[in-house]
Structures are given as C-alpha cells and as structure tokens.
Amino acid sequence: MSTSVMFDQSQGVSKRRAVDNQDFMAVILVGYGENLYPFNQGTNVVSKALLPIGNVPVINSVIDWVLAAGLRDVLIIVPPSFYTSLAEHVTEHYSMATHPKARIDIKRTTEGEKDDEGDEDSELGVKGGTGREGTARLVRRFKNWIRTDFVLLPCDLSPPSSLSLTSILDKHRSSPDTVLTSVFYEPTESVKDGEEKVLVALDKDTSELLLIQPLEGMEDDLELRMALISSHPTLSLTTRLSDAHIYVLRRTVLDLLSTRRSKDLDSMREQVIPWLIKGGWQKGLGRRWAPILNPPRKDPFAAALARSTSTNPSSSPYSTLSPGSSPTSDHIPLPRSIPGSASRSGSGSQVDSLQNSMIIDPEEDVKASIKKDVVGWKCKVLVTAPQPPPVESQQPSGKGGNKQGQGKDKGLQNVYEPDYLIRANSLAGYWELNRKFIKTLSTSSGALNNLSNISQNKQIQQSLEDATGTLPAISPQSQISPDSLIGEGTRVGERASIKKCIIGRHCNIGKNAKLTGCVLWDFVTVEENARIENTIICSNGRIGEKSQIKDCEFGTGFEAKPGAILKGERLVAGQEA
Amino acid sequence: MVAEPITESSKPPTQGKQPKQPKPQNPKPEKGGGEKVKSAKDLKKEKRAAAVAARGGENAGAGHEGGRPTLSVTNTGAAGESRQASFAPSGSASASAGGPGPSKPQRPAHFSEPSGLSLSNIQQNLFFSHLPHQDFPDTSAALINGKLHPLIVRLGVLMSSGQLRGANARTMGMMSAFREVIRDYECPDQAVLWKDLPIYLSPMIAWLEGCRPKGVGGGNAIRWLKSEINRLGEQGDRSEAEQKDYLVEAIGLYLRDRIEFADKVIADNAKEKIRNGDTVVTYARSSVVERVLLEAHRDMKVSDPEAGFKVVVVDSRPLLEGRQSLEALSSAGIPCTYILLPLLSSILPQADLVLLGGSALHSDGALYSRSGTAIVSMLAKEHRVPVVACVETYKFGEKVVLDGVATNELGSVDNLLSIPNNLSFGIKPNDLSSTTGGVGKHNLTPLHLVYDVTPPSLITAVCTEIGFIPPSSVPTVLGKSSSVV
C-alpha cells in the first residue's frame, strides 16, 4: 500500500488541483464618500476607493489585506458611477498574472437581485429618500452572490500591521456559536472628532459585544436592561472606541435580513448590527432569530462540540444534545465491519446517527425547556488599539551590564509610532493616512529605502533625460527632501523646494515653487513661485503663479487664480473663495 | 536521530561545548585520578552531550552562543534581551525566553512547526522540549496553500483554540470533517479513488496534527479510515459516487458504533455501580462520565424519587474543565460539590466510587488522561475507593507508555500565571511580563502539561462498551478488535 502511494505521489501531486472552495469571502462596499467634501463634488470625481495614499489607491490596502489572509473570493459592490474607473483599476492591478488565485468580482449596486417585494416601492423610497441605498439592503440584494460566511469591509480602510484579517477570522472560526465578529478600534486623536461617537458595551471576559448606541441624541440618562446586566455582570461601557466596519458574518444573517421588508433595511452599521447585537442577549429576539441563524443540522461539528469538555452546558446551543440518551440505549450495537446495505444512502445514515444523539428523553424535557432559554448565538467583538510603547525597557532588565543594549532599545522606541487603524472616510482620516505614509518614508528604518528612493528618482530622472533628450524631468537645482514621494512622469522646475509631500504622477511643479506637507494627486500643475503648505490638491488641479495657499483642500479640477491667497478653504472646481 | 546531530556537532565547536558543562564537570577530576574505563564512558557521554548541544545551538541561532549561564552574566542578559526584542510582538514568548537554559534542544526535525515561537521558547527546557505544543496555526498560509478543505481549517482552529477539547469531541470533529471532505472530493480523471484519496487527505491530516496532536483515539480512527479507503481497492468496480457514499456511510457508522453507542453502553454498564446514597468523585470533565452520571441520576429518580447520589467534581487549574461538568450535573438536579485537587484527600474518606474519563488506554493498562488524574487515582487507592475508568475501545493504544514525560502535550500557559477571570482581551497577546509584574522573567518557566499517565495498578476496573475489564486485559481486547477493525 505504502509503496503504491509513494509511487503515485510522484505523479499525483503535480496534477492535484487546489481545494477550490473557502470558508469565507470578502465583500467590500464602496460608498460615495459623503464625509469627504471637497473630493466628492464636481466633475470627474474619484471614487472613495481610489483615493490615493502614497500614490496607491486606498482600496489596494484593503484587497491586499484580504488576499494576505488567504481569501480568494472578493466581491466589490460599487455605485454605478464609479464602476468603470474602479473596474479598470482592479483588473489592472489584480490581474490573473499577478494574483492567479484571486477571484475579484466587481458589481454595480444596481446589478444585484431585485428586491422581492415591491420593486416600485423601493424605487420610490430611493427617490424620495437620500438617493442612496442603505448598505444592509445592498448586502441583501447580493445574497445570491455570497455563498459562504463573509467578511464585510469598507473600501477605505488602512489596517494596522498588528491586525491581520487572519486573526479576526480565526477569532470567528474559534467560537462556533458566533454569528458576528466585529472590530472596534481606538481612533487616533486627530480623527476622533470626525468619527461618530458611540457608546459601546462589551464583556471583556467573553469578548461579547452587547450594545452600540450613538451618543448623539442620547438623553442624560442611560438605560440598561436588567437582563443585560444580570447576564453580563462584568460588562464595560466605553465611548473611546469606534466601529471599524469590519464585520465577519455568518451566511445565515442574510437569511435573517431577507425576512425583513426591504424598506425597513437601511445601514448595516447604524441599524442591522445594533439589532443583531441586541438579539444576542435579549432572549425574546434571540430565540425568535435562532432558527434562522442557527439552522438545525447545519454545522457538521455540532455533535463533536456537544462532547467538547470546554463547551459551556448552559450557554452553548450544542449542549442540548449532550446527554443524548435515547430510548434505544438498550440496543446493543454489533460491531459491524461492513457498513449497511447500499440502499441506505450516505446522508440518510448520517441523519440517523445524528438523530440518535439528539433524541431527548421525556424525563429530560424539563431540562430541555430550560435549555430553550439559551439563545445559542452571540456577537463577538475584537478591539484593536495600538500597542502601548513597549514597556520592557522600563522594567529592570535582569542584570546590569547590558545597558548598551537597553540604550539601543530606547533609541528604537523613540521613533516608535503607534500603529492605529485609520479609515479614510473623512478628511481628517485621509490626512492622517497621508501623514502616516510620510512618516514611513522618514523613519530611520526607512532611511535605506529613502536612499534607494533617491537613487530611484535619479534613475527615473536619468532615464527620462535619456528618453526625452531635452530637459531633465526633475531639475537638479530643485530641492526634494527624502521624506517626499514623487510619482513618475512628474516634472519639477528649477529651485523648487518639496518637503514632506506626496506628489502624484504627471504633475508639473513650476520654478521656485515651494511645497511643504502637501498631497498632490495626479496631473496637478503648480505654477512658478507658488507657495503651498498643508494642502491637498486633487487631480487636474491648477495653482496659479505666486499664489499662497495654506491648510486647504481642493476638489478635482480646482484652479486657483495666480496670486490667490487662500487659507483654510475647502473648495471644488468652479468655486471662488 | 543521534547520527544526524553528531555530524552537525563538528560544525559549530563553540556550541558543542555548551552543555558539556553540567555533565563532564564531575568526571574531569576523576579522570585526573586515572580511571581509564570510566573516561571511555565519559567520552560517549560527551559526544551525546555535544549532539544535544548542536541541536540546541541550531535553534538558538547564531547570535546566542553566549547564552551560557555561568560563563558571563552579561552575555546571558544581552542574549535574552535581544531575543526579547526580536520576539516582542509575539508577547508571551519574550518573557522567559532568555532563561538560562544550557541547551535549547530542537524538536525532532520531522515535526513541522506551524508558526510562532512563543510556547516553544517558554516551555523548552531539557525535559519537555520534545513535546508538541499548542500553537495557533497559520490559517492564512494554509488557505493560500490551497490543499486544505476550509472545514479542516476551521476544525484546526477549533482544536487549537481549545473550543473542541476532549478525545471524543476531537475524534468526532475530525471524522465528521473528513466525512464532509470526502463528500466534496472529486477524483481526478486518471486517478483511482482509493489511491488518490489518501494523498488528498494527507496534508489535511498533517495540518490537523500540527494544530493539535490527534491522540491515540484519533490515530486509531485515521488508521481505520485509511484501511477502509484501501479496502475500496479490493472491492473492484464501483462508481466514484458509490465509493464516496460507502466511505461517508462508513464514517457515520464508525462514529455511531465506536463513540455514540459505545458511550451508551458504557453508561448502561457504569451506572450499575452507582447505588443510592453513594458519593461519586469525578475529575475534570469527561463526556462519558458526565453521561454516566446523568443517566444514573435519571434512572434512580425513575425507580425511586427519594433516591439519589452525590457527586464531587474535582477540578484543577489552568483548564478548570470541571466547572462545565458541574454546571451540567447540577442543572440536572444532582447534588454536587466542587473542590480543587488539593482538597481531595479530605473528601475521599466519604467517597464510594471514583469515575474517570480518559484520552487513551495504553496496552499495559495505563490510563492516559487529563493531568491530575494520576493523583486522584493514587489518593483513591490510598483511601481504598474503587477507581473506574470509562474508556471506549477505540481509544486503546498499542503502545506502552511508562510516564507522562515521553509522550505528552504542552498546553497553553496563558492563564497559568493570571487569575482565571483576568483574561486578556482584544488581540493584544497576553504577555507574561505584565502578568508577572516583570518579576523573574528570566528564570521562570511556566509549564503546562496536558496529560499524565495513571499506572494500571491504581485502576480497579475499566468500563468499556464490551463490559468491565481489568486494565491488564487491554492487549486481549486489542488483539480481538484489530481483527474486527
């Protein structure tokens, strides 16, 4: 036997195709970017997913994050207006050649299955309402595309390096009765004000998520149900956390959504998730939803989990099976070497054996009815916060004599940068992401990179020189600090100074222009002698000569007149200060 | 195992000398005395020590040759420090990694370590370094690799996270997972199912083994499955669907006969030993024992509502599985007492029976079970309380295991140093430095061995689905069942 297998292996491995299906897929929702004012108005608006951070669209970080976790199926749901640009981008960056395993599917929001009841109704609702459909309805509409459990992601996420999607999924995988695993994060100081303040209740022991309530519109008194407190005596309430909009959801949640009327469905974050969380501890709701969320005989591990010694008998749905003494227990099983006749189909026998373990004696009905109290599913939470600066150095490090090493450690810690989760769903968040990117350019560890960057720049420069044979693209008389990034095809004029800037592709920086802490997208023109500080200029922007601009954000195609002096403005094309 | 490292020992001579220190130190003066015979033995010893050291040095990496404790304090500290710095993200790893281990022997080369250095570094000292440990598996790599069925990945996470614990639960989970895998399996065009399927399954089996060793019961089940697949080859022409159906059904029958019905019969047998007014002692949690007690209680209540028995649930840290057992039993109306292991000797004089579960029963009759079981049975023997182990026959192993050192598992040490309800929260690793308050991190080795071995002399009887047998009858049963299986 073994030899034959060995022999086979030599040929068999190569032709073995990979296991095709996976337990999770990613659903990325692309929104309109309501909170990104100057970027989302005017002509040629770029989708929120394509906001460049270090000249790379933000959605790349999300997709990379997903693919790094080993997931392959990605469904991106895009508003129709952004479909083409995003589809182009994704097919270009995630082609079969570079990512042979990834299956990225891009759908327009309108493409999904039609709402089953009252199409016109919803149409009307859409027209009468905000004109934008809630995320919950979108997800429900695409439920036929979502075949497995899934993780719902925003398109504007920049996960910290300490938080891998794998760790989130593993948390979900490792708790069998979890319907939802959601991620909360501590936002950075600068972003805090922009985020919606929510009150979050969670149980740190079991890491259960119990309540999400927006602070806005809350009265002075906070009402908590006794049931909640009695079932979770150690719950903690906090307002420091924000919702990262990362939800790992069981597929059956979609079934629950489809029992709702579509006009009742709105946002996932504001509506569905808080509902679901409530159902996790409110017995009435929970029990009503349990048959939908926990369909019987769905989980192949149910019988195994019922026997697990770490399964809590009072709170786990599986433990109802555990005593499982059936009236047939006096039947003596004959050790059968050959499984029964072929007439019994495989599934039949499985059901049989499952039933055997699920029959509950009349005597145990009392117990079973107590057990019915068990909701059987819950919502978990994962909190991510930047690790505090490592404390090891403050501790007495064993023996003396290694002060040198300690000093080194401290030196490293001085540049320690807390690694926050940041979302580019507001201007502050976008700024923060860019700042973070610039910092990665300037950190000591990045010094080498910078060198290579510079040399790269020079190479680009040289190659451009060679190619055009005329003017050098980046003038040697210009000053570019090492913590700046310059996209390809950009021309920098003589005596221009660029510090801590991210400059997109094919920009044109005029002579003697001075840029500090700016983010320029592609095709931006800065004319001679302009001075720009702390400003974001979207694609095709134009800054006239000798203008002085500080702390501004300009939408796509905005043109500042020569000599304009602007400070703290947010303007879109065609607007005047 | 020995031959390979010796060749390596010649390569790094400085490392080779490390652990010689403890052993040859004594003989050296003697050698001066001129004892020729002994020095030859010493030479051998030295060689072996060098081999161990070579293995250790390999693991410690190039930078840590100086990690010898007595040689220079500074060096040890620096090595510890630097290692700590490099492992900082993995949290608990750093805490006692820099321990003054003279050797850091590596696990046998065939053991594929999925990821992470945390536990291996803490628990690697001379005696227990060979043991597999629970480590969180790298699921992303497993998924990217594409050789694993997602259900297997999920099972691995469940097992390594401790959600699925207990031999019955794990074996059942594994077999039901393979049942689903076989259902989804499609045989390639040119291949023969019975030849191709084992190749298809083997990376999954290996991965699960890396998540948590499957134990004797699981090993038996896998061996049975393989023989069953093999048998397909002998049975000639059948369509692929038929063959798959056959396997799926066979797995279902195996689970039913060897675990579910076995448990029922064990419960029927064992409950006869519980009489009205008895006090039954159990340790930790076993699905079989729990079932025995529940059924005994129910039957007793049916025949006489006044009758009943008491249960003493004995438990110990860090797993505290007894709590769940307690909850299940007391919610069924059984009067229970809950104690931790140290109190056992005071409770035993009132006890009438000790019921134990087990992970395996080795062929010499030794019970391989949750660590602490041996103490329970030893004390029970001292107090002349009969000890009954409830073990299904599929858990009978052909090996002979003399102690809990050669074969065991290293458990998670996360909760070992913290009080139970002060668990870590969020994704931050529960780093030991914080829980110990930074005290003595260099000389602290939290050790958690999951199992221990109870010698057959301490076990009065083994309750199996074929009846009560003495522990000495295991080989007989094995001989019989092997023909059946």
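Me: What share of the 485 residues in chain B is made up of buried residues?
Reply: In this predicted model, buried residues make up 57% of chain B. The cut-off is a relative accessible area under 20%.

Me: Why is Ala284(B) called buried?
Reply: Ala284(B) has a relative accessible area of 5%. Buried means under 20%, so Ala284(B) is called buried. Its place is in the loop between β1 (279–283) and α14 (287–303) of chain B. Phi of Ala284(B) is near 50°, a positive value in a residue other than glycine.

Me: Why is Asn512(A) called partly exposed?
Reply: The relative accessible area of Asn512(A) is 37%.

Me: What makes the peptide bond from Arg317(B) to Pro318(B) cis?
Reply: Omega for the bond from Arg317(B) to Pro318(B) is near 0°, and the bond is cis. Pro318(B) is in the loop between β2 (310–315) and α15 (322–331) of chain B.

Me: What makes a set of residues a nonpolar core?
Reply: The members are buried nonpolar residues joined through side-chain atoms within 4.5 Å. The largest such core has 89 residues, and those with the most contacts inside it include Ile59(A), Ile246(A) and Phe178(B). Helix α11 (residues 193–211) of chain B gives the most to this core, with nine residues. Another core, of 41 residues, lies apart from it, with Leu138(A) and Val383(A) among its members. In soluble globular proteins, nonpolar side chains tend to be buried together.

Me: With which residues is Ile246(A) in contact, leaving aside its neighbours within four places in sequence?
Reply: Among them are Trp65(A), Val151(A), Leu157(A), Ile168(A), Thr181(A) and Leu421(A). Contact here requires heavy atoms within 4.5 Å.

Me: What makes β17 and β29 of chain A edge strands?
Reply: Each pairs on one side only; β17 covers 491–492 and β29 covers 559–560. They belong to an open sheet of five strands in the order β17-β20-β23-β26-β29 (chain A), with parallel pairing.

Me: Which feature does UniProt place at residues 475–551 of chain A?
Reply: The unreviewed UniProt entry gives "domain: EIF2B subunit epsilon/gamma LbH" for that span. In the model, residues 475–551 of chain A are 0% helix and 39% strand, and their end C-alpha atoms lie 27 Å apart.

Me: How confident is the predictor in chain A, by mean pLDDT?
Reply: The mean pLDDT of chain A is 73, and 70% of its residues reach 70 or more. Over residues 390–415 of chain A the pLDDT is below 50, though this stretch has 25 contacts in the model beyond near neighbours in sequence. Residues 444–452 of chain A are also below 50, with six such contacts. Where pLDDT is low, the predicted coordinates should not be read in detail.

Methods
Residues numbered from 1 in each chain as written. Chains lettered and ligands numbered in written order. Predicted model: local features only at pLDDT ≥ 70, side-chain atom pairs only at ≥ 80, totals over all residues. Heavy atoms only, no water. Helix = DSSP H or I, 4+ residues; strand = E, 2+ residues; numbered from the N terminus. Buried < 20%, exposed > 50% of the residue type's maximum accessible area, 1.4 Å probe, protein only. pLDDT = per-residue confidence, 0-100. Pairing = 2+ DSSP bridges. UniProt positions renumbered as here; feature names shortened; annotations may be inferred.
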